[in-house]
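Look at the model below and follow its strands by eye before reading on. The text then goes through it piece by piece.

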Amino acid sequence: MPNIDPILISDLTLDYGGGDLVLDGLSLAVPAGSITALLGGNGAGKSTTLAALLGFARPRSGAITVCGIDPVMDPDLARRRMAYLPENVALYEHLTAMENAEYLLALSGERVPVAGIEDALAAAALQKRAWHQRLGGFSKGMRQKVAIAVALLREVPVLLLDEPTSGLDPRATADFNQLLIEVRARGAAVLMVTHDLLSAADIADRIAFLEAGRVAYEVAASGAERFDVRGLHARFQLTAERLAA
Ligand SMILES: Nc1ncnc2c1ncn2[C@@H]1O[C@H](COP(=O)(O)OP(=O)(O)OP(=O)(O)O)[C@@H](O)[C@H]1O
Ligand SMILES: [Mg+2]
């Protein structure tokens, strides 16, 4: 099998039926063992890009593959390669953290021993006393931890995240970013939609800025050299201003 990037999008166009192109020539590649942050103003098409990868939104033209699988042709097979954290993680309020993890893993056809789930909840830094509590009283950060624990246990090669740190406090954000670094070290391709430029600059290998449905520009950090956050912020603001004009 040729060694292709786990996430590969080429010249994608997509509309939701109204005729207006939401994605208009989007190209993006995320190699194994790397994190790409996808930034862009509201309505730029970030979540739509994830929906296309998941096979929920159908492209009009262009090519899209997940580990070599076309999610339009074979969405079920493609989804087995991906874990997806939506903006608002949907969990079962009346089940405990453990029960949620067990149930969600069963839904994706996986059986993990209780000790394995406990290890993952611990790795996701969910306090032990919360493991057997119902989700009803959980904060957003606690819910994210349950969801990321499930994603870790699935050991999929592709992780898609939609604004995972929005609403998290700085400590929870740092913990979450640390988990993503571990997921990357395992060789996963991570695509993180975010407005959090600081997190992106901290952990991403590439930052892609989406504007009007395509990647307007992309920057990469190499080795110890990190991004110039101020410079990125200025460019990002310019992009947002241009959109608002
Ligand atoms: N299900 C849908 N049906 C019709 N139009 C949609 C649908 N989902 C998104 N859109 C439109 O597509 C465009 C891109 O939306 P998308 O949700 O991808 O933006 P986004 O970059 O994720 O924005 P945000 O930062 O606000 O989350 C918007 O104009 C939106 O109104
Ligand atoms: Mg969105």
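This is a predicted model: local features need pLDDT of at least 70, side-chain atom pairs count only at pLDDT 80 or more; totals for chains, interfaces and linings use all residues.

Residues are numbered from 1 along each chain as its sequence is written, chains are lettered from A and ligands numbered from 1 in the order in which they are written, and side-chain values use heavy atoms, leaving out hydrogens and water.

Start with the open sheet of three strands, whose order is 2-1-4 and whose pairing is antiparallel. Strands (E, at least two residues) and helices (H or I, at least four) are DSSP runs, numbered from the N terminus, and two strands pair if DSSP finds at least two bridges between them. At the edges are strand 2 (21-30) and strand 4 (61-66), each of which pairs on one side only. Strand 1 (residues 7-15) is joined to strand 2 by seven bridges in the antiparallel sense. Here isoleucine 7 is placed opposite valine 30 of strand 2.

The other open sheet has six strands in the order 5-6-7-3-8-9, with mixed pairing. Strand 5 (82-85) and strand 9 (214-220) each have a single partner strand, so one side of each has no neighbour in the sheet. Five bridges link strand 3 (residues 34-40) with strand 8 (residues 206-211) in the parallel sense. Alanine 37 faces isoleucine 207 in strand 8. Helix 1 packs on this sheet and touches strand 3, strand 5, strand 6 (158-162), strand 7 (189-193) and strand 8; contact means heavy atoms within 4.5 Å.

Which helix gives the largest share of the shell around ligand 1? That is helix 1 (residues 46-53), with three residues. A residue is near a molecule if one of its heavy atoms lies within 4 Å of it. Among the residues around ligand 1 are Tyr16, Gly43, Lys46 and Glu163. The shell consists of three nonpolar, seven polar and two charged residues. In this grouping Ala, Val, Leu, Ile, Met, Phe, Trp, Tyr, Cys and Pro are nonpolar, Asp, Glu, Lys and Arg are charged, and the others, Gly among them, are polar.

For alanine 44, a backbone N or O atom lies 3.2 Å from an oxygen atom of ligand 1.

How values were computed:
A polar contact is a pair of N or O atoms within 3.5 Å; within protein, one must be able to donate a hydrogen and the other to accept it, and residues adjacent in sequence count only if both atoms are side-chain atoms. Axes are lines fitted to C-alpha atoms, for helices over the stretch in contact, and angles run from 0 to 180 degrees between N-to-C directions.
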